[in-house]
Amino acid sequence: MDYPAALLAEDRRFAEHLRGADLATPVPTCPGWTLQQLLRHLGRGHRWAAQIVREQRDAPLDPRSVEGGKPPADPDGALEWVADSGGVLLDAVVATGHDAPVWTFVGPRPAAWWIRRRLHESTVHRADAAIALGVDYEIAPELAVDGVGEWIGLIEAGGAQPLESGASLHLHATDTDAEWTLRGTPDGLLVEPVHAKATTALRGPARDLLLALSRRRAVAETGVEVFGDESVWSAWLDRTPF
């Protein structure tokens with residue numbers, strides 16, 4: 001996947017969702033936020049990551065110190081600002097070097113790691129915007145699959161134990177050939193990109209799996225079917241807060 005191109009495209013799509021909208025509209029999937037706050041969060045987050053890369057930081061950056069981290073007051077300027085924010089990150093990665101080690105919240109990673117991470121920050125927050133505005137959320141299955149894989153990878157890298165030892169969760173994106181089997185072990189989460197029998201299974205379109213995993217939609221509101229012990233899925237959600 002061309003992550004830089006996908007990031008730029010998602011940011012433009014996010015901005016287009018908000019064009020002409022009332023930015024004071026509440027965002028139900030981000031309690032207490034409005035579209036204005038969602039816009040600022042996304043654009044500042046891209047620029048926050050860009051500054052970490054540009055400065056080759058080995059520690060986190062205070063979000064209040066982000067250069068250019070405040071959108072313009074006028075709505076059109078704010079939309080342009082958020083649409084351009086991913087590009088600021090891409091420029092920083094090119095200038096610093098894709099393989100330069102920098103700080104991330106899962107340990108040191110190459111600078112280019114931030115491109116994929118911020119891409120899926122955009123895909124999920126675009127879903128927030130679409131839900132708030134009551135419009136359809138469309139995403140290519142391949143991009144949604146990558147978002148699911150990236151989210152699972154973050155949980156694995158972060159050392160979380162969302163499954164009891166012996167419990168397992170199988171995910172199947174029915175509109176692609178992507179499948180994952182997640183197992184709870186005494187040493188943590190084991191992730192395998194395979195089909196296997198599990199305690200609980202979720203089957204549905206990649207978009208709906210992404211929305212369910214990121215808590216943007218309850219399973220019952222999506223095209224995802226749950227098989228087996230539903231308490232395993234509930235425990236997963238309880239232990240993997242966004």
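Mentor: Start with the second largest pocket, which has about 170 Å³ of space. The model is predicted: local features need pLDDT of at least 70, side-chain atom pairs count only at pLDDT 80 or more, and totals for chains, interfaces and linings use all residues. Residues are numbered from 1 along each chain as its sequence is written, and side-chain values use heavy atoms, with hydrogens and water left out.

Trainee: What makes a set of points a pocket?

Mentor: The search uses a 1 Å grid over the protein atoms alone. A pocket is an open set of points with protein on both sides within 12 Å along at least five of seven lines; in a cavity, a 1.4 Å probe fits but cannot get out. The volume is the space filled by probe spheres set on the points, which are joined across faces, edges and corners.

Trainee: Which residues line the second largest pocket?

Mentor: Among them are Ala130, Tyr137, Arg207, Asp208, Arg217 and Thr222. A lining residue has an atom within 4 Å of a point. Helix 4 and helix 6 each give two or more residues to this lining. Helix 6 gives the largest share, three residues. Helices are DSSP runs of H or I with at least four residues, strands are E runs with at least two, and both are numbered from the N terminus.

Trainee: Where does Arg217 sit, and how exposed is Arg217?

Mentor: Arg217 is in the loop between helix 6 (206-213) and strand 7 (225-228). Its relative accessible area is 33%. Buried means under 20%, exposed over 50% and partly exposed in between, with a 1.4 Å probe and protein chains only. Arg217 is therefore partly exposed. Beyond its neighbours within four places in sequence, Arg217 is in contact (heavy atoms within 4.5 Å) with Ile131, Leu211, Ala212 and Thr222.

Trainee: Why is the pair of Trp48 and Trp114 called edge-to-face?

Mentor: Rings of Phe, Tyr and Trp (its six-membered ring) pair if their centres lie within 6.5 Å. Planes under 30 degrees apart are stacked, over 60 edge-to-face and the rest tilted. Trp48 and Trp114 are 5.4 Å centre to centre, with 85° between the planes. The angle is over 60, so the name edge-to-face applies.

Trainee: What does the pair of Trp48 and Trp114 tie together?

Mentor: Trp48 lies in helix 2 (residues 35-54) and Trp114 in helix 4 (residues 113-133), so the pair ties together parts 66 residues apart in sequence. Trp48 is buried at 15% relative accessible area, and Trp114 is buried at 0%. Trp113 also pairs edge-to-face with Trp114, at 4.9 Å and 85°. Trp48, Trp103, Phe105, Trp113 and Trp114 form one aromatic cluster.

Trainee: How do you know that Asp128 and Arg216 form a salt bridge?

Mentor: A salt bridge needs a side-chain nitrogen of Lys or Arg within 4 Å of a carboxyl oxygen of Asp or Glu. The closest N and O atoms of Asp128 and Arg216 are 2.8 Å apart, so the pair qualifies. Asp128 is in helix 4 and Arg216 in the loop between helix 6 and strand 7, 88 residues apart. Asp128 is buried, and so is Arg216.

Trainee: What about Arg116 and Asp146?

Mentor: The side chains of Arg116 and Asp146 meet in a salt bridge at 3.0 Å, N to O. Arg116 is in helix 4 and Asp146 in helix 5 (residues 141-157), 30 residues apart. Arg116 is partly exposed at 27%, while Asp146 is buried at 12%.

Trainee: How many salt bridges does the whole structure have?

Mentor: The search finds 15.
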